[in-house]
Amino acid sequence: MRWNWVDTLKSDHMKNVHFLICCGLALLSLLCSASAFARAGLVQFASGEVSIWKRGGGESAAQKGSELYEGDTVVTGRSSSAQLLMVDGGLISLRADTRLVIESYHTGSGKSGDKALLNLVKGAMRSVTGSIGREKKADYSLRTETATIGIRGTDHETVFIPRPGSGERAPAEPGTYDKVNTGATVMEARSGRRLNVDQGETGFIGYDNAAP
C-alpha cells in the first residue's frame, strides 16, 4: 500500500478545521453565559457570616472584592453585615439576618437599556441609588412579598418582616417598612394601592395591603 501524502494533508486539515470549530463553539457558549449572567457589582465590605448563593446552585463565602452577578443572592447571618457596590455606582448596605436577590442589575453599556430589580426576601437594607436611580428612576425597583418600591433619586432604608413560622414571633407587624433619608419613594401594594413616602417619613405596607 502506498503512502499518499496528499490524503494525509487533507486529513490533517480536516482535523484542524474540526478543532477550530469546537473552540469557536466553546467560546460562543462562554459569551452567551456571560451575557445571561451579567456582572452586577462587587462586595465592598463583609463582616461576619456573609455568603453568595448562585442562581444555578452553589454557595461561596463573600469577601471584599467578590464579584456579584445577576441572579445571585447575598445572605448575611446573625451579627453580620455587608456593603455592595453596584455597576452604576449605587451602594447597598445589608444588615444582619438579611437575604437579597439581585434579579436584574445592568447599565446600557453592558446590555440594551438600564435595569435594576432587587428582591428583599427578608431583613433590612439601605440603598443609595446610583446612575440608574438618578437618571432613569422608572428602571429601578425593590420588591418584597408585600410591596414594590420605586424611587426618586433616593437614600432609603427598607425592612421586610415575613410572617413568622410555627413557634416563631415577629419583632414587629409583618410587612414592608421603608424610611426615606433623602429624596422620596413610592410604595405599591399587591392590590395596586400606592403610598408616597417623602424625606423624613416612613411608610408601611402589611400583608392586608394596609398602608398607614
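A volume is the space filled by probe spheres set on the points, which are joined across faces, edges and corners.)

**Before you click**

This is a predicted model, where local features need pLDDT of at least 70, side-chain atom pairs count only at pLDDT 80 or more, and totals for chains, interfaces and linings use all residues. Residues are numbered from 1 along each chain as its sequence is written, and side-chain values use heavy atoms, leaving out hydrogens and water.

Colour the chain by pLDDT, the predictor's confidence in each residue, from 0 to 100. The average is 84, and 78% of the residues score at least 70. Now select residues 25–35: here the pLDDT is below 50, and the stretch has one contact (heavy atoms within 4.5 Å) beyond near neighbours in sequence.

**Stop 1: the largest pocket**

Select D97, K122, I161, P162 and P171, which lie nearest the centre among the 14 lining residues. Strands (DSSP runs of E, at least two residues, numbered from the N terminus) β9 (115–128) and β11 (147–161) each give two or more residues to this lining. β11 gives the most, with three. By class, the lining has eight nonpolar, one polar and five charged residues. (Ala, Val, Leu, Ile, Met, Phe, Trp, Tyr, Cys and Pro count as nonpolar, Asp, Glu, Lys and Arg as charged, and the others, Gly among them, as polar.)

**Stop 2: the second largest pocket**

This one holds about 210 Å³. Pick Y140, I149, G150, I151 and V186, the closest to its centre of 12 lining residues. β10 (140–143), β11 and β12 each supply two or more, with β11 giving the most, five. The lining divides into five nonpolar, three polar and four charged residues.

**Stop 3: a hairpin**

Stay on V186: its bridge partner in β13 is N196. Show β12 (residues 175–189) with β13, and you'll find them paired in the antiparallel sense over five bridges; strands pair if DSSP finds at least two bridges between them. Four residues lie between the strands, and in this hairpin G192 takes a positive phi near 100°.

Notes
1 Å grid on protein atoms, 1.4 Å probe; cavity = no way out; pocket = protein on both sides within 12 Å on 5 of 7 lines; lining within 4 Å.
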